[in-house]
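Student: I would like to learn how to read a model like this. Can we go through it feature by feature?

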Amino acid sequence: MSKGSLALANWLNKNGFTQVDLARDCGVAQPRLSAYLSGRTPALGAAVAIEKATKGEVTVEMWAQPASKTETSRLEIARERIRQRGLDRAMEGRGLGASK
């Protein structure tokens, strides 16, 4: 796991973006962005696009730095929050209310 993966998950959570939103802004497919969140290192062009889309909060250099075990557990918490937010929005869109 890299600091880039952790920083990207935190950025998504903090800014209320979905993977689909950020993938579109970066010019990559959502499954590819998901792979980056899971620890895959993006190609240089994608890393630069992520840095630009996040206004420098997730830098190219972060993808080369391993995350600590504490940071990795925080990443899992952030992923769950992002997943839950997506489910809440989907249910609201269907008129079912938020699931909590």
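Tutor: Start with the elements: helices (H or I, at least four residues) and strands (E, at least two) are DSSP runs, numbered from the N terminus. For instance, α2 is followed by G27, whose phi is positive, near 75°. This is a predicted model, where local features need pLDDT of at least 70, side-chain atom pairs count only at pLDDT 80 or more, and totals for chains, interfaces and linings use all residues. Residues are numbered from 1 along each chain as its sequence is written, and side-chain values use heavy atoms, with hydrogens and water left out.

Student: Which residues of α2 are buried?

Tutor: Buried means under 20% relative accessible area, exposed over 50%, and partly exposed in between (1.4 Å probe, protein chains only). In α2, the buried residues are Q19, L22, A23 and C26. They lie on the same side of α2, because they cover an arc of only 100° around the axis. That arc is taken from the directions from the helix axis to the C-beta atoms. Their cover includes α1, α3 and α4.

Student: Which residues touch the most other members of the largest nonpolar core?

Tutor: The general idea: in soluble globular proteins, nonpolar side chains tend to be buried together. A nonpolar core is a set of buried Ala, Val, Leu, Ile, Met, Phe, Trp, Tyr and Cys residues joined through side-chain atoms within 4.5 Å. Here the largest one has 20 residues, and L8, L22, L33, Y36, I50, V58 and W63 touch the most other members. Elements giving two or more residues to this core are α1 (3–15), α2 (19–26), α3 (30–37), α4 (44–53) and α5 (69–93).

Student: What is L33 in contact with, beyond its neighbours within four places in sequence?

Tutor: Contact means heavy atoms within 4.5 Å. L33 is in contact with L8, Q19, L22, A23, V28 and I50.

Student: How many salt bridges does the structure hold?

Tutor: Side chains of opposite charge can pair when their charged atoms come close. A salt bridge is a side-chain nitrogen of Lys or Arg within 4 Å of a carboxyl oxygen of Asp or Glu. The structure holds two. One joins K14 and E57 (2.6 Å, N to O). This pair links distant parts of the chain, with K14 in helix α1 and E57 in the loop between α4 and α5, 43 residues apart. K14 is exposed at 57%, whereas E57 is partly exposed at 38%.

Student: And how far apart are the closest N and O atoms of R24 and D21?

Tutor: They are 3.1 Å apart. R24 and D21 are three residues apart in helix α2, so about one helical turn separates them.
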